[in-house]
Amino acid sequence: LNRAELYMSDNHSESLRILDSLKNNNMSHKEAARFALLYSQAKDKNWIDETDDSLINVAVNYFEHSSDSYYKFLSFYYLGRVNQNAGNLSKAIVAFTKAEDLVGEVHDNYSIGLLYANLGILFQKIYDYPKSLEAFNSAYDYYMLSGKNDHAMYARYNIGNVLMNTKQFDRAETLLREVLEWAEMNSDKNTYSKC
């Protein structure tokens, strides 16, 4: 589990491979909860969109009563991701909001950025543009603090889209031009074409 967690940020495919090899091991309650959290995280990072919340709920049920704020935060975040994948936006927002309540106790700016980016997407889907804009701005700030410039620019792109939806075309154009220039300088063809 320690090795799988160590590889999670830089080599998530190796992390998933390690966790797949541990599936049938006998584990304590705490180890099973940690496995459930890490396995949910590894699947998400490997673009495997899980829609069944039974695995992540093992982690949530354990860590929501523990003093480990970071694992509690991640458990609620990945519960939100599973519900988001399943199309259950209200449950996703509830889980993300529980994760957001722990932001002050967590020191992982990248994961906090991911939380706010996903909240921005959800609020955009339900046409709550002020909350979406606020969430994407927070995502941008946390991504910048974590040094994740690619993610930060994608948050700026999303802010531009929300501004377009609210008919703030001048501000939207300014932001989208900024992201367009960044994408061109960094040979990011996907972001460039979206802008």
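Reader: At what angle do helix H4 and helix H5 pack, and how far apart are their axes?

Author: H4 (residues 54–63) and H5 pack at about 145°, with axes 9 Å apart. The model is predicted: local features need pLDDT of at least 70, side-chain atom pairs count only at pLDDT 80 or more, and totals for chains, interfaces and linings use all residues. Residues are numbered from 1 along each chain as its sequence is written, and side-chain values use heavy atoms, leaving out hydrogens and water.

Reader: What makes a run of residues a helix, and what is its axis?

Author: Helices are DSSP runs of H or I with at least four residues, numbered from the N terminus. An axis is a line fitted to C-alpha atoms, over the stretch in contact for helices; angles run from 0 to 180 degrees between N-to-C directions.

Reader: Which residues of H4 and H5 meet?

Author: Contact means heavy atoms within 4.5 Å. By that test Ile56, Asn57, Ala59, Val60 and Phe63 in H4 meet Tyr71, Lys72, Ser75, Phe76, Tyr78, Leu79 and Val82 in H5. The contact of H4 with H5 holds nine nonpolar residues, two polar and one charged. Here Ala, Val, Leu, Ile, Met, Phe, Trp, Tyr, Cys and Pro count as nonpolar, Asp, Glu, Lys and Arg as charged, and the others, Gly among them, as polar.

Reader: What is the hand of the H4 and H5 crossing?

Author: Left-handed. The term applies if the near helix is turned anticlockwise from the far one by less than a right angle; clockwise makes a crossing right-handed.

Reader: Why are H5 and H6 called roughly antiparallel?

Author: H5 (residues 69–85) and H6 (residues 89–100) pack at about 165°, with axes 8 Å apart. H5 and H6 are therefore roughly antiparallel. Their crossing is left-handed too. The H5 side of the contact includes Phe73, Phe76 and Arg81, and the H6 side includes Lys91, Ala95 and Phe96. By class, the contact of H5 with H6 has eight nonpolar, three polar and three charged residues.

Reader: How do you know that H7 and H8 run roughly antiparallel?

Author: The axes of H7 and H8 (residues 129–146) cross at roughly 160° and come within 7 Å. H7 and H8 are therefore roughly antiparallel. The crossing is left-handed. Among the H7 residues that meet H8 are Tyr110, Leu114 and Phe123; Tyr129, Phe136 and Tyr143 are among their partners in H8. The contact of H7 with H8 divides into 15 nonpolar, seven polar and one charged.

Reader: What makes a space a cavity, and what makes it a pocket?

Author: On a 1 Å grid over the protein atoms alone, a 1.4 Å probe fits in a cavity but cannot get out; a pocket is an open set with protein on both sides within 12 Å along at least five of seven lines. Lining residues have an atom within 4 Å of a point. Grid points are joined across faces, edges and corners, and volume is the space filled by probe spheres set on them.

Reader: How many cavities of 30 Å³ or more does this rule give?

Author: One. The largest cavity holds about 90 Å³. Its lining includes Ser40, Asp44, Ile56 and Arg81. H5 gives the most to that lining, with four residues. Five residues of the lining are nonpolar, two polar and five charged.

Reader: Which residues are closest to the centre of the largest pocket?

Author: The largest pocket has about 830 Å³ of space. Of its 26 lining residues, Trp47, Tyr110, Leu114, Tyr143 and His151 are closest to the centre. H3 (29–45), H5, H7 (109–125) and H9 (149–165) each supply at least two lining residues. The lining has 11 nonpolar, eight polar and seven charged residues.

Reader: What is the volume of the second largest pocket?

Author: About 150 Å³. Glu5, Met8 and Tyr110 are among the residues lining the second largest pocket.

Terms used:
Parallel < 35°, antiparallel > 145°, perpendicular 65-115°, else oblique.
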